[in-house]
Amino acid sequence: MLSVIPNPPRVALPIVGGDDLFPVRRVYCVGRNYAAHAREMGKDPDREPPFFFMKPADALQPCGAEPTAHPYPPQSENYHFEIEMVAALGRGGHDIPVGTALEHVYGYAIGLDMTRRDLQDEAKRLARPWDLAKAADRSGPIGPIHPAGRIGHPARGPIVLCVDGAERQRGDLAEMIWSIPEQIAYLSAYFELQPGDLIFTGTPSGVGPVRRGERMVAAIEGLGAIALDVV
Ligand code: MN
């Protein structure tokens, strides 16, 4: 049988150190997972269970250390950066125990959870979904995957975002409220996770707006850096 339209392409991320690719299925994102960021968003980090939203997989924008053009999205006057470490699952499952959750991670990447903050603020005020804020086209810039088999499972180390050379976000992976194994275990109670799923694991404090003409450089210790020129 023939498809009546061209088959939509599936995003596949390059893997560091070779020509292999990591095809992406779903993109899960955890909210407010660093205490200082929860506070800057007006929330108490101590009393909240984790919560998740999703981005469409085709909203990912593969990028690398050489700057990639990142179009400012329509319908926003307050477009924010959120640097996050991304866990890429190589194995699926449901009701995954915390103690074995890391066995499901193939590798890690640097990601940006780009957010139309004005639309998110409106959605929060009106108790509406976040999709218009979080799922814009190209709202998920992401670097290549570093296999855990090569770098291990990063649990601490600096996570930093600079705009035009000025540091705007800095945290440490050890500051996550819900660890990556806990995120996997929690999510897998609600969804059957599959190989190819990504988890954006939350952003440290310092989120803020970016404007056309500015360069974002996002770095995580052990994962290198990605660069984007907002156009
Ligand atoms: Mn985020």
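In this text, strands are runs of at least two residues that DSSP marks E, helices are runs of at least four marked H or I, and both are numbered from the N terminus. With that in hand, we can say that Gln75 lies in the loop between β6 and β7. Keep in mind as you read that the model is predicted.

Let us stay with Gln75 for a moment. Its phi is near 65°, a positive value in a residue other than glycine. Is Gln75 buried or exposed? Gln75 is exposed, with a relative accessible area of 67%. With a relative accessibility of 70%, Ala127 counts as exposed.

An α-helix has 3.6 residues a turn, so residues three or four places apart point the same way.

Glu82 lies in the loop between β7 (79-81) and β8 (83-89), while Asp113 lies in the loop between β9 (105-112) and β10 (115-116), so the pair ties together parts that are 31 residues apart in sequence. Glu82 is buried, and Asp113 is buried too.

In soluble globular proteins, nonpolar side chains tend to be buried together. In this model, the largest nonpolar core has 36 residues, of which Leu112, Ile184 and Met216 touch the most other members. Which elements give two or more residues to this core? They are β7, β8, β9, β13 (158-163), α5 (180-187), β17 (215-220) and β18 (224-230). To see how one member is surrounded, look at Ile184. Leaving aside neighbours within four places in sequence, Ile184 is in contact with Leu89, Ile96, Ala101, Val105, Leu193 and Ile199. Apart from this core lies another, made of 19 residues, among them Val27, Cys29, Leu60 and Phe200.

Several of those strands meet again in a sheet. Strands of a sheet pair through backbone hydrogen bonds, either parallel or antiparallel. Here, an open sheet of 5 strands has mixed pairing and the order β6-β18-β17-β13-β14. Which strands stand at the edges? They are β6 (68-70) and β14 (166-172), each with a single partner strand, so one side of each is left without a neighbour in the sheet. On average, neighbouring strands of this sheet are turned by 20° against each other, direction ignored.

β6 pairs with β18 in the parallel sense over 3 bridges, and Ala69 has Asp229 in β18 as its bridge partner. Further along, β13 and β17 run antiparallel and are joined by 5 bridges. β13 and β14 also pair in the antiparallel sense, over 6 bridges. β13 and β14 form a hairpin with 2 residues between them, and Asp164 in the turn has a positive phi of about 50°.

Our last stop is Glu192, found in the loop between α5 and β15 (198-200). Glu192 is partly exposed, with a relative accessible area of 48%. Which residues does Glu192 touch, not counting those up to four places away in sequence? Glu192 touches Arg25, Gly93 and His94. Met41, by contrast, is 151 residues from Glu192 in sequence and 30 Å from it in space, C-alpha to C-alpha.

Definitions and conventions. Residues numbered from 1 in each chain as written. Predicted model: local features only at pLDDT ≥ 70, side-chain atom pairs only at ≥ 80, totals over all residues. Heavy atoms only, no water. Buried < 20%, exposed > 50% of the residue type's maximum accessible area, 1.4 Å probe, protein only. Core = buried A, V, L, I, M, F, W, Y, C linked by side-chain atoms within 4.5 Å. Contact = heavy atoms within 4.5 Å. Pairing = 2+ DSSP bridges. Axes fitted to C-alpha atoms, helices over the stretch in contact; angles between N-to-C directions.
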